[in-house]
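Subject: The structure we talked about, with notes

Hello,

Here is the structure I promised to hand over to you, and my notes on what was found in it follow below. Please keep the view open while you read, and look up each residue as it is named.

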Amino acid sequence: MSNRTLLCRSLCVFIVASLLLCTLPVVWAQGIQKNVSMANLESTDESSDIQTLTLDDYYRVYTYDAYETNTFQFVPPVDGEYLFYSSVATGDPVIYLYNSNMEYIDSNDDSGGNLQFRLTVSLTAGQTYYLVCGHCEEDYGSYRITALMAAAIPNTVCYFRNMLSSNYIDIHGPNEQRYAHQWSYHIGMQLKWNIVKQTGGYYTIQSEYGNKYYLGVSTRDVGTNNVELFASVSDKTKWRIYAKSNGELFVESVYSPGCVLSVANTLIGSELQLNYISASASNANKWKIEVELPTTLEGQKMSNWCWNATARMMANHYYSVSSERTQERAVNYITNSVPDDEPANIPGGSSYAICAAKYYYEEDVETERTFDLVDYNTKRLGQARLRQFLHDGHVIFIGRGYYSAEGDRREGHASLIVGYTTVYLNGLMEYRYLIYDPWPATPPNSWETPVVTQGRRLVRSYGWICSGVGTSSELPDNFIWDTYVVFETTYAGDNLPPKYN
């Protein structure tokens with residue numbers, strides 16, 4: 001460490017001490033604090049204003065002269081490991097961390113790659129910490145500082161989806177079982193990964209396919225196809241994972257600190273790579289634990305036809321439904337009416353939905369094709385089983401009924417669960433479910449009225465699915481999930497119809 005760096009650290013200690021004593025003789029700009037220099041220390045006219053750093057969002061650091069700094073305070077919401085890193089920088093960023101007693105804790109200069117800092121540290125909830133940010137030696141310029149928290153992910157089988165390409169981590173091969181690449185959704189085990197937190201705080205990501213190898217890296221390089229599969233656990237197959245509250249993850253290699261799992265492009269089949277966490281704010285470095293099964297969102301064509309549109313969406317997941325098999329004709333098929341007559345705006349329960357799904361699946365004209373669905377009336381799906389159905393490639397028809405105080409069924413609504421995503425509350429992972437709801441903004445009440453929307457895509461908690469209490473002004477508080485329908489049988493002896501095999 002040079003004398004200039006020592007001088008910079010000493011200056012940072014003095015700055016924080018002065019800030020805490022409310023006697024720092026500096027002048028601050030409006031909003032983001034004005035950078036502190038030795039010349040500022042001669043002024044005693046005004047007190048300072050410290051910027052508050054919070055999780056997820058980035059903040060700008062500006063310095064215009066050598067040894068100027070910006071100071072931030074940070075209060076951890078929970079005990080745990082936190083990551084602070086710089087990005088999009090000019091100059092050579094540096095960070096110093098102090099506790100509320102002005103005691104030096106740690107600092108970092110270049111661990112983020114490309115002269116960016118990357119500081120990981122365990123902090124105590126509710127305590128105030130100060131981060132003094134500047135540039136090394138006589139550098140100056142601007143950069144972003146971001147704070148993330150280590151993710152607390154339960155041991156689970158899951159899908160990893162990239163936020164740039166919307167593709168999933170997949171095994172290249174599959175017979176080779178050596179490299180990992182990105183691929184669109186498909187049925188099979190190649191997209192499924194078993195994530196386990198190990199002693200020491202790192203994670204292993206193990207394939208559910210074939211030999212069940214571990215995801216790792218062969219080298220520390222960035223920008224090369226070095227994300228591979230390994231038979232055993234080593235530093236090369238260890239990962240630390242940091243989360244944003246919206247569920248976005250940064251998967252950092254233990255073998256190559258400061259480097260995270262990334263994609264180089266959006267092309268299906270392209271190999272995975274490492275990239276600096278400090279690289280430009282690109283979604284290529286961000287992942288989510290989520291899956292969205294492929295089907296087509298469709299709005300109901302009349303106000304009582306939620307069961308009809310949901311049945312068509314469900315059938316369309318397994319089989320490309322003919323454009324000739326419309327919602328109108330499905331109603332006329334069920335009511336034994338002439339196909340092109342004006343259909344009735346009839347409500348319907350799960351029995352109508354099953355009949356409509358079979359019609360869309362063309363079971364009436366293809367005798368070898370069976371589309372058997374099971375109505376689990378009054379049985380509520382637990383979260384683990386719900387996700388297992390999704391992992392097995394099944395969308396889930398749910399009927400949610402509205403009941404009076406006396407317990408009488410008054411009305412209901414049908415929609416389709418097509419996947420899940422994740423969010424992080426104080427670092428703890430929670431699931432949110434993706435729902436295709438056929439309800440349009442202005443549902444028609446007659447056949448001649450055009451449909452103005454094509455349904456809506458909702459992201460809802462398990463509690464909302466079960467009861468709806470306190471989560472939506474669009475539904476009564478006593479909407480209860482009382483039925484679900486799942487495709488459970490075979491197509492000509494196969495596990496699933498051929499659409500996604």
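This is a predicted model: local features need pLDDT of at least 70, side-chain atom pairs count only at pLDDT 80 or more; totals for chains, interfaces and linings use all residues.

Taking a disulfide to be a pair of cysteine sulfur atoms within 2.5 Å, the count for this structure comes to zero.

Residues are numbered from 1 along each chain as its sequence is written, and side-chain values use heavy atoms, with hydrogens and water left out.

For the overall picture, helices (H or I, at least four residues) and strands (E, at least two) are DSSP runs numbered from the N terminus, and the protein chain has six helices and 29 strands. Of its 501 residues, 52% count as buried. If a contact means heavy atoms within 4.5 Å, then residues 24 or more positions apart account for 64% of the contacts in the chain with a separation of 6 or more.

What lies in the interior? A nonpolar core is a set of buried Ala, Val, Leu, Ile, Met, Phe, Trp, Tyr and Cys residues joined through side-chain atoms within 4.5 Å, and the largest one here has 84 residues, with I153, F160, L215, L249 and I396 having the most contacts inside it. Helix α2 gives the most to this core, with seven residues. A second, separate core of 20 residues includes F84, I95, Y129 and I145. Returning to L249, and leaving aside its neighbours within four places in sequence, this residue is in contact with several others, among them A151, I153, F160, W287 and Y424.

Helix α3, which covers residues 327–334, is mostly covered, since six of its eight residues are buried. Those six are Q327, E328, A330, V331, N332 and I334, and they pack against α2 (306–318) and α4 (350–360). Just after α3, N336 takes a positive phi of about 60 degrees.

Most residues other than glycine have a negative phi. L115, in the loop between β6 (104–108) and β7 (118–123), has a positive phi near 70 degrees, and its 43% relative accessibility means that this residue counts as partly exposed. S166, in the loop between β11 (160–162) and β12, has a positive phi near 65 degrees and, at 37% relative accessibility, counts as partly exposed.

The aromatic residues come next. Rings of Phe, Tyr and Trp (its six-membered ring) pair if their centres lie within 6.5 Å, and planes under 30 degrees apart count as stacked, over 60 as edge-to-face and the rest as tilted; the structure holds 15 such aromatic pairs. The rings of Y168 and Y185 have their centres 6.4 Å apart and their planes at 70 degrees, so this pair is edge-to-face. Because Y168 lies in strand β12 (168–171) and Y185 in the loop between β13 (180–183) and β14 (193–197), the pair ties together parts that are 17 residues apart in sequence. Both Y168 and Y185 are buried. Elsewhere, F74, Y82 and F84 form one aromatic cluster.

A charge sits over a ring if NZ of Lys or CZ of Arg is within 6 Å of the ring centre and within 35 degrees of the ring normal. R220 lies over the face of Y255, at 3.8 Å from the ring centre, and R325 lies over the face of Y359, at 4.4 Å.

S256 is buried, with a relative accessible area of 5%, and the backbone oxygen of R220 lies 3.2 Å from a polar atom of the S256 side chain. Leaving aside its neighbours within four places in sequence, S256 is in contact with R220 and L274.

Best wishes

How values were computed
Buried means under 20% relative accessible area, exposed over 50%, partly exposed in between (1.4 Å probe, protein chains only). A polar contact is a pair of N or O atoms within 3.5 Å; within protein, one must be able to donate a hydrogen and the other to accept it, and residues adjacent in sequence count only if both atoms are side-chain atoms.
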